[in-house]
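Work through the exercises below with the sequence and the model at hand. Each task is followed by its solution.

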Amino acid sequence: MKQIKILTSLILVALISASIPAFSQVKKEEIVTAIDQTANCIVNVILDEQGKSRCDYNLTEGKWYPYEVPWHTGQAINALLAGYKIRGNESWLNAAKKAGNYWVGLQIKDHPKLKGMLGATHGDFIGDDVIVFATISDGTPGIYELSRVTKDKKYAKTATEAAEWMMKNMYNAEKGVCYDNVDLKTGAVQKEFSPFWKDKKVGEQTLFDVSRPNTEGSLFKDAYEFSGNTAFKDAFINLCNSLLKLQDENGIWSDFMPNFKDVHSFHPRFNLWYAESLIEAFKLTKDRKYLEAAARTARTHAKAQQKDGTMYYDNYTNGKAPDKGSVTGSEVALSGIVWMELSKLGYKEFDANIEKSAYWLVHNRFAEDHPDKNLRGQVIETRIRSKGKVWLVNRDIGTSFALRFLSDYYKFKSFQN
């Protein structure tokens, strides 16, 4: 009965959201309420007693399952700090510090090859013995922000030491890419085989199967600004230049998973992370070529946004309708974050999309009095996969990205004045 109530509530929320005018501007008090509720959800539900993210909530079982925990935890930290800077709630800052302590506690100190690196494994279908570059790099913005907010350098220092290891061992300057994976046991960088392509054997995988021009999280930029080491800056700009060369006509990076060129599909967030980094490259260099490339990505996501503001996990560049099985609140939020950054830099074409995202994120959250306390306050982020049975979850990152968006939107609309 409990599971039926959960699924019924999910369906009703989706149906209601499809019938309301998503273009209506939300009010300041609605944004404040949404900030408070999403932040409290992260503190009280999503982060466990150790400070790490619980990740995926299985809707049919009523149980939490881990999924790329360090990455999800990094998103939660970044979101809580964004909310804290708006509302000043000390409990949110304390939760971010607890999560940050978990994160820096992953540093490897006694392995002969991996000293200074993080044991940030992906888990799930990739395995618990594989460290993934992006699991670390896209989790670091919140870590650097934690040092800025608390004035405690240990967080940024740990991230920078990992960045040093990654730049030395995983960065290929000549090719403009970073290798994706490291074996946790041996410390070997996997340059010929990636577990993301289990159907391809060693010898069948190409450079682009095992690497990508990875600027997710702008790790090397943050490491440069923290340490002053210009090698980080050079690596960041080199990778961004690689992004410019490899971006396709739709503004995405179709040669790299989790985009799939053969079926013209693109991931809901992957390309937006690159767009975020390109905006950072513009801020660093003042060269508008990076900004124009980011805008191309943003336009493709604007096209993917539905009339009511909804966005889905699987989107296509060839006109095929999106797969509506997985509603992806994190894409609604991250698209909005990128659109706001571009709008502030003169790209007003995205302003209507920003308002759609704001309305959608305010209205597409599980109720505070939902019968399942694990869902209270969460933003809708369904993911449907097959694991011998239908695997239906609400993923925590919808809430984390939503809190970031809501906090940015509060400032974007000058609600603080």
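Contact means heavy atoms within 4.5 Å. Helices (H or I, at least four residues) and strands (E, at least two) are DSSP runs, numbered from the N terminus. The model is predicted: local features need pLDDT of at least 70, side-chain atom pairs count only at pLDDT 80 or more, and totals for chains, interfaces and linings use all residues. Residues are numbered from 1 along each chain as its sequence is written, and side-chain values use heavy atoms, with hydrogens and water left out.

**Exercise 1.** Find which residues of α11 meet α12, and sort the residues of the contact.

Solution. From α11 come Asn271, Leu272, Ala275, Leu278, Ile279, Ala281, Phe282 and Thr285; they meet Arg288, Tyr290, Leu291, Ala293, Ala294, Thr297 and His301 in α12. Sorting this contact gives 10 nonpolar, 4 polar and 1 charged. Here Ala, Val, Leu, Ile, Met, Phe, Trp, Tyr, Cys and Pro count as nonpolar, Asp, Glu, Lys and Arg as charged, and the others, Gly among them, as polar.

**Exercise 2.** Locate tyrosine 347 and list what it touches.

Solution. Tyrosine 347 lies in the loop between α13 and α14. Its relative accessible area is 8%, so tyrosine 347 is buried. Leaving out residues up to four places away in sequence, tyrosine 347 touches Arg288, Leu291, Glu292, Ala295, Arg299 and Leu342.

Terms used
Buried means under 20% relative accessible area, exposed over 50%, partly exposed in between (1.4 Å probe, protein chains only).
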